[in-house]
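Let's walk through how this chain is put together. Have a look at the sequence and the fold first.

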Amino acid sequence: MSQSMYSFHNVHKGILQNINVTIEKGEKVIIFGPSGSGKSTLLHLFNRLQDPDEGKIHFKDNPIQSYHIPDLRNQAGLVMQAPHLFPGTVLDNIKYGPSLRGDWREQDGEELLAYVQLPTEYLSRDVNHLSGGEQQRVSLARTLANKPEVLLLDEPTSALDQHTIEEIEDVLEELIHEHQLTMIMVTHNLKQAKRLGDKGIFLSEGEILESGLILDLLETPTTTSLQSFLA
């Protein structure tokens, strides 16, 4: 039986109302819906960037508040739409978290860049001299350096061109498979949702109106709201 990674019980936060959802270890979950429906707010609850106004969240069967926040965020790493890299080199960025814990090995830099399909010589490059796609790969490598079990993705490709989007999607697919990660992704790109996800959560005006297999949601929606959204 698979381990429940997250469970939400009657969670309310801002626009979000009565959120009840369970995410199993290894699932690839897509959160989608109209602008302003609460997608990013929901994503931020998974690593306590925000906390519920009401209700309970469990992470790996324990109350989420029982985890030290830095530890939680190492286990559930967030990759944002904009990379938000620190000034300095690629190496400065990807070794930052592990170095704080005394958990950095010299060979880790090369391994992490290999994971995100960047050459080793990029370790010494200034992040300001990288393209948008390269910066997003470094952001992914920095998150992976903390050895997360969960990858939280907030529209990580929305600022990129189509060719780069496809490259980043390939990287994500490989990473998730190789590291057996649980993925929770907010996206407005429904082709991306179909390609990367197996489970879908459709949010509208702060409520989960449909959830289930992503292909079922996209191909045979049962609510008029989702039918309208897809039309």
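The model is predicted, so local features need pLDDT of at least 70 and side-chain atom pairs count only at pLDDT 80 or more, while totals for chains, interfaces and linings use all residues. Residues are numbered from 1 along each chain as its sequence is written, and side-chain values use heavy atoms, leaving out hydrogens and water.

Here are the two cores (sets of buried Ala, Val, Leu, Ile, Met, Phe, Trp, Tyr and Cys residues joined through side-chain atoms within 4.5 Å; buried means under 20% relative accessible area with a 1.4 Å probe, protein chains only).

| Core | Residues | Among them |
|---|---|---|
| Largest | 39 residues | Phe32, Ile94, Leu113 |
| Another, apart from it | 27 residues | Met5, Ile19, Leu42 |

Helices here are DSSP runs of H or I with at least four residues, and strands are E runs of at least two. Ile94 touches Trp104, Leu123 and Val138, among others, where contact means heavy atoms within 4.5 Å.

Now the sheet: four strands run in the order E2-E1-E4-E5, open and antiparallel. Strands E2 (16-24) and E5 (62-63) are at the edges with a single partner strand each, so one side of each has no neighbour in the sheet. Pairing takes at least two DSSP bridges, and E4 (residues 54-59) and E5 have two.

Finally, helix H5 (residues 132-144): eleven of its 13 residues are buried, so the rest of the structure largely encloses it. Its buried residues, including Gly133 and Leu140, pack against E6, H3, H4, E7 and H6.

Conventions:
Buried < 20%, exposed > 50% of the residue type's maximum accessible area, 1.4 Å probe, protein only. Lists of a residue's contacts leave out its neighbours within four places in sequence.
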